[in-house]
Amino acid sequence: MNEKVVERLSQTRFLLVITGAGISAESGIPTFRGTDGLWKNYRAEELATPSAFERDPETVWQWYDWRRGIIGKAPLNPGHLAIKELEDMFENFLLITQNVDGLHARTGIRNMVEIHGNLWRVRCTREGKTSMLMDVPLKSIPPKCECGAILRPDVVWFGESIPSHALEQSFNILEQCDSLIVVGTSGAVYPVASFPQAVKDHGGFVVEVNVEPTPISAIADASLFGNSGDILPMLVKWLKEKRG
Ligand code: BJW
C-alpha cells in the first residue's frame, strides 16, 4: 500500500468517500458500463430517463424488477464493510453513494447521502408521495399508488435534478473535507464526476480505488488499482496499524 496515502489519510480530519457501482460488483450486482451492464440489449442511458418511463413504464419497471431481484439476494462484500469501518475511525465522515441498491445502508452506516435515490423507495407520479416497496418480484407491473396513479422508482434519472438537500449537503462537504476516497465509479456521470476536482480545488487529497484507470485517475493524487473488496480492507488495516 502506498505510504503517502496512509500518511495523508491518517492526518485527515474530515474524510469523504464517494462510491459507484464498482463497490457492489463483488456482491454480484452488474455495473452500468461494464460488459454485464446490458439488460435485454438496452443500455442504462436508454432506460434511466423520464422520457423512457413516459413512453413505456412497463419496460422500465421490468428492468427495475430484474435488478431488485438480484440486489435483494446480494450479500454485502468486504468493500462495503470497510467503508463502515472508516466511518467508525474518523470523527468527521460522509459517504456519498451514487448507488440506488441500498447495500451501504445495510452496514448500518449513519452519515450517507444516496445522491441518485434508492430503488426500494417509490414515488407516486400524481401526488409525489414516497413510500417503501419491498416486494420481489413486484405483484403488478407497473405498480400503482392507492390513488390509482402509476408509481415510479424514487431515483434520479438522466436530465433530472439531484434533490436539493442531497446536493447542498454534498457541496458543503466538498469544501470541508481534507481527503476523498473515490471508489468504483467510471466518472462518466455528472454532477458526481466533478466532485473529485472540487475537492482538489479546495486543497483536498484524492485517492481513487478502481479496477482500471478512469478520467478521475488524471487528477487523483493516488490511484489504487484492484478490487475494492481487496483494497479497502487493506487500507483500513494499514490505517489502524499507523494509528497504533
Ligand atoms: C470496480 C470493480 C471492483 C468494477 N472494484 N471498481 C455536465 C456535463 C455533461 C453532461 C451533464 C453535466 N451535468 C449534467 C449532465 C447530464 C447528465 C450526465 O452526467 N450525462 C453524462 C452521461 C454526460 N447528468 C444528469 O442528468 C444528472 N442530473 C443533473 O445533473 O441535473 C442537472 C442537469 C440536467 C441536465 C443537464 C445539465 C444539468 C442526473 C444523473 C442521474 C444518473 N442516474 C443513474 C441511474 C440511477 C437510477 C438507477 O440506478 O436505476 O445513476 S445513471 C447510472 O450512472 C447510475 C449511476 O449511479 C451512475 C454512475 O455510474 P457508476 O456508478 O460510475 O457506474 P459505472 O458502471 O459507470 O462504473 C463502474 C466502475 O466500477 C467502473 O469504473 C469499473 O471499472 C469499476 N469497477 N468492478 C472497484 N470490483
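This is a predicted model: local features need pLDDT of at least 70, side-chain atom pairs count only at pLDDT 80 or more; totals for chains, interfaces and linings use all residues.
Where is Ala 188 found? Ala 188 sits in the loop between E7 and H8, where helices (H or I, at least four residues) and strands (E, at least two) are DSSP runs numbered from the N terminus.

Good morning, colleagues. Residues are numbered from 1 along each chain as its sequence is written, and side-chain values use heavy atoms, with hydrogens and water left out.

The peptide bond leading from Tyr 190 into Pro 191 is cis, with omega near 5 degrees.

A further cis bond deserves mention. The bond from Ile 141 to Pro 142 is cis, with omega near -5 degrees, and Pro 142 is located in the loop between strand E5 (130-132) and strand E6 (151-155). As background, most peptide bonds are trans.

I turn now to the ligand. How many residues surround the ligand? There are 34, and the closest are Arg 33, Tyr 64, Arg 67, Thr 185 and Ser 186; a residue counts as near if one of its heavy atoms lies within 4 Å. By class, the shell holds 14 nonpolar, 15 polar and five charged residues. Here Ala, Val, Leu, Ile, Met, Phe, Trp, Tyr, Cys and Pro count as nonpolar, Asp, Glu, Lys and Arg as charged, and the others, Gly among them, as polar.

Why does the ligand lie between two domains? Domain 1 (3-29 + 76-116 + 162-243) and domain 2 (30-73 + 118-155) both contribute residues to the shell, so the ligand lies between them. Those bounds come from an automatic or database domain assignment.

Several polar contacts, meaning pairs of N or O atoms within 3.5 Å, can be listed. An oxygen atom of the ligand is 2.7 Å from a side-chain N or O atom of Asn 210. A nitrogen atom of the ligand has a polar side-chain atom of Glu 26 at 2.9 Å. From Gly 184, a backbone N or O atom lies 3.2 Å from a ligand oxygen. Overall, the protein covers 77% of the 1500 Å² of accessible area that the ligand has on its own, as computed by the Shrake-Rupley method with a 1.4 Å probe.

Next, the cysteines. How many disulfides does the model contain? The count is zero, a disulfide being a pair of cysteine sulfur atoms within 2.5 Å. The sulfur of Cys 147 has its closest cysteine sulfur in Cys 124, at 3.7 Å, which is too far for a bond. Cys 147 is partly exposed at 27% relative accessible area, whereas Cys 177 is buried at 3%.

Finally, some individual positions. Ile 96, in strand E2 (residues 92-97), is buried at 0% relative accessible area. The C-alpha atoms of Ile 96 and Cys 147, 51 residues apart along the chain, are 33 Å from each other. Trp 120, in strand E4 (residues 117-124), is likewise buried, at 9%. Pro 213 is exposed at 59% and lies in the loop between strand E8 (205-210) and strand E9 (222-225).

How values were computed: Buried means under 20% relative accessible area, exposed over 50%, partly exposed in between (1.4 Å probe, protein chains only). A polar contact is a pair of N or O atoms within 3.5 Å; within protein, one must be able to donate a hydrogen and the other to accept it, and residues adjacent in sequence count only if both atoms are side-chain atoms.
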